[in-house]
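Here is my note on the model, as a handful of numbered points. Have the structure open beside you while you read.

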Amino acid sequence: MEVMEAMEVDLQLGGPSREPEPDVVADQVDLPIVIPDSGSETEDEADAAPCDPPRLPNTWAFSQNRARVEGQVGSRIRREGHIEPRVTTAATLRQRRSRPGLREHYSTQTAARASSFLDFLLRVPAANQAEGDSGSTTELSESEDEADPLGPAADPPNSAVPSSPRPNPPVTPPEGLYSSDSNATTEAARTVTGNQVNPEVVSDPLASSAPALRLSQGDEGEGETCSICFEPWTTSGEHQLATLRCGHLFGYTCIDRWVKGQGQGAKCPQCNKKAKRTDIVLLYARNLRALDNTEQESMKRSLEQEHSLRRKADLESAQCRLQLQVMTDECGKLHKQLQELKTLMAQPGCGPSQSSGASLSGPFQRQDSTQGGHYVFSKAVLVSQVGGCRVLSYCEPLSCLLASQPSPHTTLVPGCGVKKVSTVNLKACQYIPIHVKQIRGLAFNRQADSLLLSAALDNTIKLTSLMTNTVVQTYNTGKPVWSCCWCLDNNNYVYAGLSNGSVLVYDTRDTSTHVQELQPLRSRCPVASLSYVPRAASSSFPCGGLIAGSLDGGCFWEQVDGTTYRPHMLPLETGGCTDIQVQPESRHCLVTYRPGRSKPSLRCVLMELNRTPQQDAAQEPSCSCYPVQTFSAGSSCKLLTKNAVFRSPAGEGSTLVCAGDEATNSTMVWDAGSGTLIQKLSADLPVLDICPFEVNQGSYLASLTEKMLKIYKWE
């Protein structure tokens with residue numbers, strides 16, 4: 001068989017076929033010597049300290065044939081000049097020595113070397129069979145490329161044949177893993193002429209790279225593993241990401257099993273807070289990242305502090321402006337009194353004594369009456385014997401008050417309407433039926449056309465002409481209407497505040513339906529009050545719009561143009577706002593809060609409207625308000641009463657605030673500048689609505705209860 005293989009090689013190379021020499025065959029039967037390719041010792045050291053030879057792989061027999069044929073044919077080919085001897089370079093040596101595994105040296109490999117083509121033909125089948133039979137990744141030795149001047153005589157004469165397999169064959173890492181680092185390190189450690197590797201220079205790539213890999217994998221998976229089973233959670237399935245009320249994250253099956261196993265006393269595995277199965281919430285997130293927002297929160301706190309300081313400064317500024325206005329009025333009054341005194345002294349026949357007596361009796365008495373002005377009860381008018389009155393309004397063209405009431409003849413004319421009360425003779429004159437259910441709002445416009453706008457709980461708002469005492473227009477809102485008002489900048493528009501928190505805008509020229517709906521920004525509480533602020537040439541608040549007040553707070557709808565509104569939430573207290581009234585000239589609004597736990601009394605807060613200037617083109621100017629004065633009343637507020645803020649009849653610049661007190665059944669009057677209580681106007685029942693008016697150069701104040709209308713005159 002060996003002879004036939006040699007003949008086949010000769011035939012392929014075109015050489016003569018000869019019988020093998022017996023001596024050569026006998027020499028080539030010598031067993032190989034297995035030398036590990038660790039590069040840590042030379043052949044002389046291996047001979048000096050021999051170790052137990054490992055079992056040769058299954059390809060040893062075929063390698064024997066290859067070595068024998070190579071020894072017979074290779075030398076003969078080179079002698080005949082067919083192939084030149086191979087030149088082995090230092091790079092080739094480094095490349096071959098860097099391959100892992102065992103290298104098997106045979107005694108026949110010291111013979112003359114074969115050509116590179118024959119070496120390729122004989123090497124490939126041996127390598128394939130070694131992989132299939134033994135499963136190891138060792139390679140045949142390529143040290144035949146290294147010239148041995150001693151020839152076959154330098155090989156040891158006897159080699160021990162391994163009788164038992166190696167207990168643990170070397171495990172080679174997969175091809176490609178750390179190959180580049182290992183090859184680069186080994187090549188740097190090897191010399192060009194030698195075959196030794198310094199163990200101190202070359203380190204094991206697996207030993208050096210594995211800790212770093214585990215560390216990087218641990219850092220990346222720190223926020224992706226369950227703290228119970230230490231396995232990564234998933235985005236779906238049984239081990240999906242879940243959390244408890246405390247916020248700690250687990251796999252769903254782990255935390256469910258944990259809570260179920262502990263029973264009633266179940267706690268979070270990390271913080272020991274109480275937990276139930278119903279507290280487990282599934283999360284749908286691929287990756288979790290905790291962002292460091294410490295600086296952002298610090299900036300927010302700084303911004304809030306800055307806003308607080310600015311609001312405090314604005315409040316102090318508003319109080320100073322109000323005090324300045326009061327002092328200016330006082331200065332004007334003193335200047336007027338001084339002029340009157342000079343005029344009196346300049347009259348002929350008036351001596352010093354007379355002038356001094358006149359000065360004590362005349363001007364100072366007028367000053368006392370002006371500064372000490374107050375309301376005096378004038379008359380009480382019965383509006384309804386059965387009660388049911390709710391709101392009050394004043395019609396300046398007709399000089400009459402209108403108070404809502406139920407129909408006095410329910411069998412003939414059911415429903416609700418208004419009763420006229422003449423301010424000339426202070427007598428009730430006529431009842432006008434308008435709505436089916438209770439009326440909640442009355443308003444007049446500035447056109448002096450005597451058109452009354454009314455809102456009721458029968459889902460309608462109506463326009464009634466007081467000249468003919470008939471309803472001229474009806475709008476169906478679909479919801480109960482709690483408040484209404486006119487647009488003071490354009491009398492063609494009216495507003496209706498509904499029970500669901502919306503505000504409907506109607507055009508009196510369109511009799512079909514509303515033209516726009518202003519949706520609530522917060523909750524859907526009923527709109528208890530509507531007040532329109534007209535545009536004015538004011539530097540602090542020049543814009544016009546609608547202020548809608550509800551139990552949840554207030555919102556200012558700035559009218560940009562005819563049909564465009566921009567909402568601005570007012571910084572009011574939530575949950576207790578019952579009424580918002582506006583004083584258009586001074587750009588102030590009066591906000592009423594019902595008693596609560598923290599503040600057990602009725603409070604009326606006078607607030608000044610302001611508008612922040614536009615800093616850039618992208619940012620819209622914002623409208624807001626801040627408190628100026630706070631007035632406290634009684635501790636009871638069972639009804640949604642309406643209060644009033646208006647110019648004082650005493651002089652220009654001063655403002656009065658009036659509010660009903662249910663605890664004492666009276667009307668309280670305050671000076672807005674100083675915040676002092678001027679007087680209390682008693683009534684027999686709780687005051688529901690307050691309306692100031694002027695007629696025949698006299699100033700009056702009307703307060704409405706469920707049955708009576710009381711009128712007071714300023715003196």
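1. Let's begin with one side chain: Glu573 is partly exposed, at 34% relative accessibility. On that scale, buried is under 20% relative accessible area, exposed is over 50% and partly exposed is in between (1.4 Å probe, protein chains only). Keep in mind that this is a predicted model, where local features need pLDDT of at least 70 and side-chain atom pairs count only at pLDDT 80 or more, while totals for chains, interfaces and linings use all residues. Residues are numbered from 1 along each chain as its sequence is written, and side-chain values use heavy atoms, with hydrogens and water left out.

2. What does Glu573 pair with? Its partner in a salt bridge is Arg603, at 2.8 Å, N to O; the term means a side-chain nitrogen of Lys or Arg within 4 Å of a carboxyl oxygen of Asp or Glu. Arg603 sits in strand β25 and Glu573 in the loop between β22 (565–569) and β23, so the bridge ties together parts 30 residues apart in sequence. Strands (E, at least two residues) and helices (H or I, at least four) are DSSP runs, numbered from the N terminus. Arg603 itself is buried, at 9%.

3. Shared partners also link Asp256, Lys260 and Arg277 into one salt-bridge network. Within it, Asp256 and Arg277 meet at 3.0 Å, N to O. Asp256 belongs to helix α9 (residues 252–262) and Arg277 to the loop between α9 and β5 (281–282), so the pair joins parts 21 residues apart in sequence. Asp256 is buried at 12%, whereas Arg277 is partly exposed at 45%.

4. Have a look at Glu608 and Arg321 too, whose side chains form a salt bridge (3.0 Å, N to O). Glu608 is in strand β25 and Arg321 in helix α10 (residues 294–346), so this one ties together parts 287 residues apart in sequence. Glu608 is buried at 9%; Arg321, at 40%, is partly exposed. Across the whole structure, the search turns up eleven salt bridges.

5. Now the nonpolar cores, meaning sets of buried Ala, Val, Leu, Ile, Met, Phe, Trp, Tyr and Cys residues joined through side-chain atoms within 4.5 Å. The largest has 18 residues, and Ile547, Leu572 and Val591 have the most contacts inside it. Strands β23 (577–583), β24 (588–593), β25 (603–611) and β26 (623–632) each give two or more residues to this core. Apart from it lies another core of 17 residues, including Val421 and Tyr700.

6. Which residues does Val591 touch? Leaving out residues up to four places away in sequence, its contacts include Leu572, Ile580, Arg603 and Met607, with contact meaning heavy atoms within 4.5 Å.
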